[in-house]
Amino acid sequence: MSTPSPQRYRSVGQRQGVAVNTIDNALAAFARIKEVDPRITPVLTLRHFAELTGLPYLFLRRSVARNARAGYRFVHLRKRIPGRSTTRMISIPPPSLASAQRWLVDNVLRFVDPHPTSFAFHPDSSPVLAAEQHPNTEWLLKVDIEDFFHSISEGQVSRIFASLGFSKLLAFEFARLCTVAIDRGDGRNPEPHPGPIEYYQSKFEGMLPQGAPSSPMLANLAMRSLDEILATSAESTGFRYSRYADDLAFSTDKKRTLEEMHRLRREICRILNDAGFRPNLRKTVIRGPGTRRIVLGLLVDGPAPRLSRSYKDNIRLHLHYLTSPEHGPAKHAMARKTGISSIYHHVRGLIAWAVQVEPAFGKAALDQFQSAKWPLIQPRGFLNDDRDL
């Protein structure tokens, strides 16, 4: 949505009897936002936001005040490798609130670039691109941030929107719409948050909900300054750095000692702790010569990322049973206690990922996969469309 020209905006406002200082303030707000990026849709007030989104103003205002029944649905998933907690909480917003969050993604956040070392949650991002930052790795340090989204507060989110040119009040209101305030139950709740006006007082400061459409991009932007610190620290010691969501990787193609790697690990954990993040020590690992150096599931000990042998062997095993005259899709699905459609899409997804990482292997696997005697199955979207292969 384009910003109106200052002349036209002033002319229309004056004809409608709007006060001159009000028009001046609105034009100044437009200019601030346009200076950041002219593609960002300017929003002046929460009522203006209601007009743009078609959502009821009173609903938005009560949501900001934490007075509306937000209706988040919470799902607790067991972590494969637990940290301080054994489950991960997914917070799914109701359709009305998700609509407001998605509008902010489509009209504001997608136009703001994260730090260059970030390879998730933005257009054209990919785990393959992240792994490509670590060729010929001799030593690798991997650090995982625990409760990544929940570690980012509404105060941090508010500062993001304010940095994009929105007024401090509206930035706060956007932050409230994009965060959820619950009792964490771990003793980490901040003091009651007064809000800029009395109506917005809340018992707890909110945090990014994992499951909201706006959380991934906001998490990236909240990490920009920390990414810069980590990248600078890595470069100063001869290491390369990349981040994919909450997975941090530091590597070098030079010879190092184990003591140097432990020193790097202590420094990175210190930086994260100082910034309010908790490293998951169970998933923080050092890998050197003689071990598998893997970034986001891809081997990085050569000039380009590679699939692991176990990943390829898994595809080969599926293809053997799917194309064998003695088995075929029906018997293979039955042996796996699943349906033919499920096994089709599962294996097809594995191959789609293989095509991205190792095109030659992936293309050969896809040809063999398509030679199986499949019944008619409704296709789904994949990482690469068959027509592109």
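Guide: In this predicted model, alanine 234 touches Phe239, Tyr241 and Phe250, when residues up to four places away in sequence are not counted. Alanine 234 has its place in helix α10, which spans residues 224-236, and with a relative accessible area of 0% alanine 234 is buried, since buried means under 20%. Threonine 252 lies 18 residues from alanine 234 in sequence, while the C-alpha atoms of the two are 9.7 Å apart in space.

One of the residues touched by alanine 234, Phe250, leads on to the nonpolar core, for Phe250 is listed with Phe49, Phe161 and Phe166 as having the most contacts inside the largest nonpolar core, a set of 65 residues. Helix α8, residues 168-177, gives the largest share of this core, namely six residues. Apart from this core lies another, of 27 residues, including Ala131, Leu298, Ala354 and Val355.

Phenylalanine 161, leaving aside its neighbours within four places in sequence, is in contact with Leu104, Val108, Leu109, Phe166, Ala171, Phe174, Ala175, Cys178 and Leu218. Phe161 also takes part in the meeting of two helices, where Val157, Ile160 and Phe161 in α7 face Leu218, Leu221 and Ala222 in α9; by class, this contact has six nonpolar residues and no polar or charged ones. Helix α7 (residues 154-163) and helix α9 (residues 215-222) pack at an angle of about 85°, their axes being 10 Å apart, and α7 and α9 are therefore roughly perpendicular to each other.

Note on methods. Residues are numbered from 1 along each chain as its sequence is written. This is a predicted model: local features need pLDDT of at least 70, side-chain atom pairs count only at pLDDT 80 or more; totals for chains, interfaces and linings use all residues. Side-chain values use heavy atoms; hydrogens and water are left out. Axes are lines fitted to C-alpha atoms, for helices over the stretch in contact, and angles run from 0 to 180 degrees between N-to-C directions. Helices (H or I, at least four residues) and strands (E, at least two) are DSSP runs, numbered from the N terminus. Angles under 35 degrees count as roughly parallel, over 145 as roughly antiparallel, 65 to 115 as roughly perpendicular and the rest as oblique. Contact means heavy atoms within 4.5 Å. Ala, Val, Leu, Ile, Met, Phe, Trp, Tyr, Cys and Pro count as nonpolar, Asp, Glu, Lys and Arg as charged, and the others, Gly among them, as polar. A nonpolar core is a set of buried Ala, Val, Leu, Ile, Met, Phe, Trp, Tyr and Cys residues joined through side-chain atoms within 4.5 Å. Buried means under 20% relative accessible area, exposed over 50%, partly exposed in between (1.4 Å probe, protein chains only).
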